[in-house]
Amino acid sequence: MSLPLGVVALPLTAAAAVYLVAALGSRRPWPAGRTACWLAGLACVGAAVSPAFAGHDLRVHMAAHLLLGMVAPVFLALARPVTLALRALPAARARRLGRVLRTPPVRVLSDPVVATALNIAGLWLLYGTGLLTAMLHSPSLHLLASAHVLLTGWLATAAVLGLEPSAHRRGVVVRALALAGGMAAHDVLAKALYAHPPADVAGAEAGAQLMYNGGTVVHLVVAALLWRQWYRSRATVRAAFPARLPG
Amino acid sequence: MTARHAQPGDRRRLLVSGLLLGLGAAGAVDEIVFHQLLHWHHFYDRASGDAGLVSDGLLHAATWSATVAGLALLADVRRRGSFAAATWWGAVLTGAGAFQTWDGVVQHKLLRLHQVRYGVDLTGYDLMWTGAGVLVLLAGVALLVLGRVRPATA
């Protein structure tokens, strides 16, 4: 079941246009790599909900799921849209956005542990109950579930990578553990799908293995990005405090 | 690189790096040798039930996450010039041996989550599996002791 073209194409085009305008109008030059990541992320979203991935075969569904819930979020997180917004907005509105980011709901939602739990809870609902079968037959449910998979996957990836300005960024160990916990839940879910395939879908075993292996690859990419960031930050910290800090 | 003195946190980071990579290596050996090459273990075998499925997923995530973290810590330790081969290899073997022993005793025998091989008499396989774990663990501890006695041979 694919979504009507306008429902997907309009928001994606708008998201690309707003980001491009902000990047080009930014006071300091905005790295082209981040713009490329944003466009790649939107392209993944567009591909995942396109008719190419419609149907009742779990392999095809999982390929779309990986694109939408894992690959697209990595690109979108690397594009740092919040940082761009803070830079591109006029000072007064940027300050207001900064205040919103410090409000309790946003702080709680952007905590890596909470964001990962939300993402996983949505996946268990989708694959652990009859929701998957229902979704394959209803366009509105499909839209809702797709949006949830994308948004919580993005939130979780962004919270783990911690690239955007944040009042309370967690240390690398908490973020790595949140990522590992999400990966474990994803693995268990994939194996559970294999063992107890949902009714009414074909290719359940191959689809579950694709979910498992694809999930492993993307989780490892995120872990590598997270630890590379830590490795670089240690050099910065040591340059600033050469004698005092042991680690 | 012996020019600079090792700082207090360095040895701990070296040990943690080795333990994490040892855990990762044990997991990788299981996946490559026993799943892919020998086909003794499977993505899911109906015999092991839901508890085995959960423990498999947890271990898979833990060993791969440990590998990435261990590599990053190792890179940092090397950058600071405080890598000590005996201590690091000791930690790797200790991590791998402890994991293998724990897998053999707790997961296979006490919890009965999964087995080394199916459809055969397990006594010899269990002895080899857990025995190998204990040997690797002892070798690791010996290297760690050696690294303490003769430091700064990196």
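**Conventions**

The model is predicted, so local features are reported only at pLDDT of at least 70 and side-chain atom pairs only at pLDDT 80 or more, whereas totals for chains, interfaces and linings use all residues. Residues are numbered from 1 along each chain as its sequence is written, and chains are lettered from A and ligands numbered from 1 in the order in which they are written.

**Stop 1: chain A as a whole**

Select chain A, which has eleven helices and zero strands. Helices (H or I, at least four residues) and strands (E, at least two) are DSSP runs, numbered from the N terminus. The C-alpha trace of chain A spans about 60 × 45 × 30 Å along its principal axes.

A residue is buried if 20 or more other C-beta atoms lie within 10 Å of its own, exposed if 12 or fewer, and partly exposed in between, with C-beta atoms placed from the backbone. Of the contacts in chain A with a separation of 6 or more, 77% are accounted for by residues 24 or more positions apart. Two residues are in contact if their C-beta atoms, placed from the backbone, lie within 7 Å.

**Stop 2: chain B**

Next, select chain B, with four helices and zero strands. Of its 154 residues, 40% count as buried. In chain B, residues 24 or more positions apart account for 87% of the contacts with a separation of 6 or more.

Within chain B, select residues 49-79, which form helix 2. This helix has 31 residues and reaches 46 Å from its first C-alpha to its last, close to the 45 Å expected at 1.5 Å a residue; the expected span is 1.5 Å times one less than the number of residues. Just after helix 2 of chain B, B:Gly81 takes a positive phi of about 70°.

**Stop 3: where the chains meet**

Show both chains together: the contact takes 22 residues from chain A and 21 residues from chain B. On the side of chain A that touches chain B, the elements that give two or more residues are helix 10 (172-195) and helix 11 (204-240) of chain A. Helix 10 of chain A gives the most to that side, with eleven residues. By class, the side of chain A that touches chain B has 16 nonpolar, three polar and three charged residues. Here Ala, Val, Leu, Ile, Met, Phe, Trp, Tyr, Cys and Pro count as nonpolar, Asp, Glu, Lys and Arg as charged, and the others, Gly among them, as polar.

**Stop 4**

Axes are lines fitted to C-alpha atoms, for helices over the stretch in contact, and angles run from 0 to 180 degrees between N-to-C directions.

Now select helix 9 (residues 139-161) and helix 11 of chain A, whose axes come within 9 Å and cross at roughly 30°. In this pair, A:Thr157, A:Val160 and A:Leu161 of helix 9 of chain A meet A:Val222, A:Leu225 and A:Leu226 of helix 11 of chain A. The residues of the contact of helix 9 with helix 11 of chain A comprise five nonpolar, one polar and no charged.

**Stop 5**

Select A:Arg80, in the loop between helix 3 (58-78) and helix 4 (81-88) of chain A. Its phi is near 50°, a positive value in a residue other than glycine. A:Arg80 is buried, with 21 other C-beta atoms within 10 Å.

Move to A:Glu164, in the loop between helix 9 and helix 10 of chain A. A:Glu164 counts as partly exposed, with 18 C-beta neighbours inside 10 Å. Not counting residues up to four places away in sequence, A:Glu164 touches A:Arg80, A:Val82, A:Thr83 and A:Ala158.

Finish at A:Ser26, in the loop between helix 1 (5-25) and helix 2 (32-48) of chain A. The C-alpha atoms of A:Ser26 and A:Arg87 are separated by 6.5 Å, although the residues are 61 apart along the chain.
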